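Visitor: I am new to this structure. Please take one part, the packing of the helices, and walk me through it closely.

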Amino acid sequence: MEEETKIEDIDKIIADLGANYREDKEVLEEILEEVSSIAFDISNNKNKEKLFPYIKRAVKAEYIQRGSEGLLSLNESGVSSQFEDIIDKMRNNIIKNGLRRLK
């Protein structure tokens with residue numbers, strides 16, 4: 001049952017990525033697994049439905065930012081991009097929105 005849910009989550013993320021998706025589903029699955037694990041640890045909560053919006057945003061950001069690890073900003077052809085710590089932002093959003101359970 002969990003495998004079916006995982007596939008649906010991947011498909012939702014792929015649909016959101018649109019043209020940014022590079023037909024490398026295994027990489028996306030690894031990112032989803034890692035980010036989900038971190039989100040569950042941060043929240044002490046295993047309610048996937050409530051956490052999935054935060055996980056999905058973080059997975060998409062990590063996927064798009066691949067290859068830019070360690071950069072704080074990027075300036076190409078007059079276009080500037082500021083990178084932030086995606087996981088830190090996810091952590092703050094989970095906590096601020098009351099999804100963290102105290103043990």
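Guide: Start with helix α2 (residues 25-43) and α4, which pack at an angle of about 40° with their axes 10 Å apart. The model is predicted: local features need pLDDT of at least 70, side-chain atom pairs count only at pLDDT 80 or more, and totals for chains, interfaces and linings use all residues. Residues are numbered from 1 along each chain as its sequence is written, and side-chain values use heavy atoms, leaving out hydrogens and water.

Some terms come next. Helices are DSSP runs (H or I, at least four residues), as are strands (E, at least two), numbered from the N terminus. Axes are lines fitted to C-alpha atoms, for helices over the stretch in contact, and angles run from 0 to 180 degrees between N-to-C directions.

Back to the pair. α2 and α4 are therefore oblique to each other; angles under 35 degrees count as roughly parallel, over 145 as roughly antiparallel, 65 to 115 as roughly perpendicular and the rest as oblique. Their crossing is right-handed, that is, the near helix is turned clockwise from the far one by less than a right angle. From α2, the residues V35, I38, A39, I42 and S43 meet I87, M90, R91 and I94 of α4. Contact means heavy atoms within 4.5 Å. By class, this contact of α2 with α4 has 7 nonpolar, 1 polar and 1 charged residues. Nonpolar covers Ala, Val, Leu, Ile, Met, Phe, Trp, Tyr, Cys and Pro; charged covers Asp, Glu, Lys and Arg; the others, Gly among them, are polar.

Now α2 against α3. Their axes come within 9 Å and cross at roughly 130°. That makes α2 oblique to α3. This crossing of α2 and α3 is right-handed. L28, I31, L32, V35, S36, A39, F40 and S43 of α2 meet K48, L51, I55, A58, V59, E62 and Y63 of α3. The contact of α2 with α3 divides into 11 nonpolar, 2 polar and 2 charged residues.

That leaves α3 with α4. The axes of helix α3 (residues 48-65) and helix α4 (residues 86-96) come within 10 Å and cross at roughly 170°. That makes α3 roughly antiparallel to α4. The crossing of α3 and α4 is right-handed. On α3, the contact is made by L51, Y54, I55, A58, A61, E62 and Q65; on α4, by I86, I87, M90, N93 and I94. By class, the contact of α3 with α4 has 9 nonpolar, 2 polar and 1 charged residues.
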